[in-house]
Amino acid sequence: MPSAQSATRVLGLAVLTLLATAPRAAAAGGWSLAPTGGGRPSFYAEGAPGAVLQDTVSVTNRGGHPVTVRLSGTGVPVAFAEPSVRVPARTRADVPFTVTVPAGAAPGDRPGTLVAKDADGRTATVRVRLRVGGPTLRALTVEHVAVHGDRITYELVNRGTTVLVPKLAVHAEGVFGRDLLDRAPRTLPVRLAPGSRTELSEPWAGHPALDAVDVRLTATAAGGAHDTAGARARFVPWGTVAGTAGALAAGAAVTVVRLRRRRADRATAEPLSTETELTGAAR
């Protein structure tokens, strides 16, 4: 994607070409969207913050009727020479566009998409990969680790400037030092864009019924990115505890009743004994 001479406008207009020279691409209702020339499957752009990069996208109409499509971009700043293009039957329209690298953007990759949509709501897309120039930083953190019954929840944060595909290792140790959980590093089914955060969880169906546990999660990614974080959890069988507490409470209540009865009996017996002694002394 060559550099453009102007940061405020796109040079050139849509150019119509006979279908004989049109590139092939996935069709969407008889028309298709693809990078112009070279059979590229997607666009790649690279530049320093503030740079304006130029390329061309082709809308190919293989049908027998004209089609009008609107062009837009997502993920990266895109400006088209013609945001709405009418393409005659069996014709290709080549539309210049620019991608502007945001000023102050951190170095690294930014994914984007060019989107074309016709009047019937059918769409076609082409991926754009924008690489912001500068030193690459790979940084990954594990945050907010917590144990909720049979699940361990956590967050992964990409604090670097490049896309990360993280791996995760899980370890849990009981109060007596025995290993309760030891999972080797495995690749997670996520791709973390720079600055992004994702919430994940690990199942733990075989957690102990009664123990105090230290859980430790270690996340790694290519290029040396790594971090470790943990949490402490206590597993208590509350049903058993409640049953035991209830039995103890019931036993204590019975004991209190018995003691009260004994005291009442003694209180009744002691005045009679005194009266008998006094009567005997009077005689």
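This is a predicted model: local features need pLDDT of at least 70, side-chain atom pairs count only at pLDDT 80 or more; totals for chains, interfaces and linings use all residues.
Q: What percentage of the residues of the protein count as buried?
A: A residue is buried if its relative accessible area is under 20%. The protein has 283 residues. The part of them that counts as buried is 35%.

Q: How many strands are there in the protein?
A: The protein has 1 helix.

Q: Which kind of aromatic pair do Phe43 and Phe97 form?
A: A search of the whole structure finds 3 aromatic pairs. In the pair of Phe43 and Phe97, the centres are 5.0 Å apart and the angle between the planes is 80 degrees. Planes over 60 degrees apart count as edge-to-face, so the pair of Phe43 and Phe97 is edge-to-face.

Q: How many residues apart are Phe43 and Phe97?
A: Phe43 lies in strand 4 (residues 43-47), and Phe97 lies in strand 9 (residues 91-100). The pair links distant parts of the chain, with a separation of 54 residues.

Q: Is Phe97 buried or exposed?
A: The relative accessibility of Phe97 is 0%. Buried means under 20%, so Phe97 counts as buried.

Q: Which residue is linked with Phe43 and Phe97 into a cluster by ring pairs?
A: Phe43, at 1% relative accessibility, counts as buried. Ring pairs link Phe43 and Phe97 into a cluster with one further residue, Phe80.

Key:
Residues are numbered from 1 along each chain as its sequence is written. Side-chain values use heavy atoms; hydrogens and water are left out. Helices (H or I, at least four residues) and strands (E, at least two) are DSSP runs, numbered from the N terminus. Buried means under 20% relative accessible area, exposed over 50%, partly exposed in between (1.4 Å probe, protein chains only). Rings of Phe, Tyr and Trp (its six-membered ring) pair if their centres lie within 6.5 Å; planes under 30 degrees apart count as stacked, over 60 as edge-to-face and the rest as tilted.
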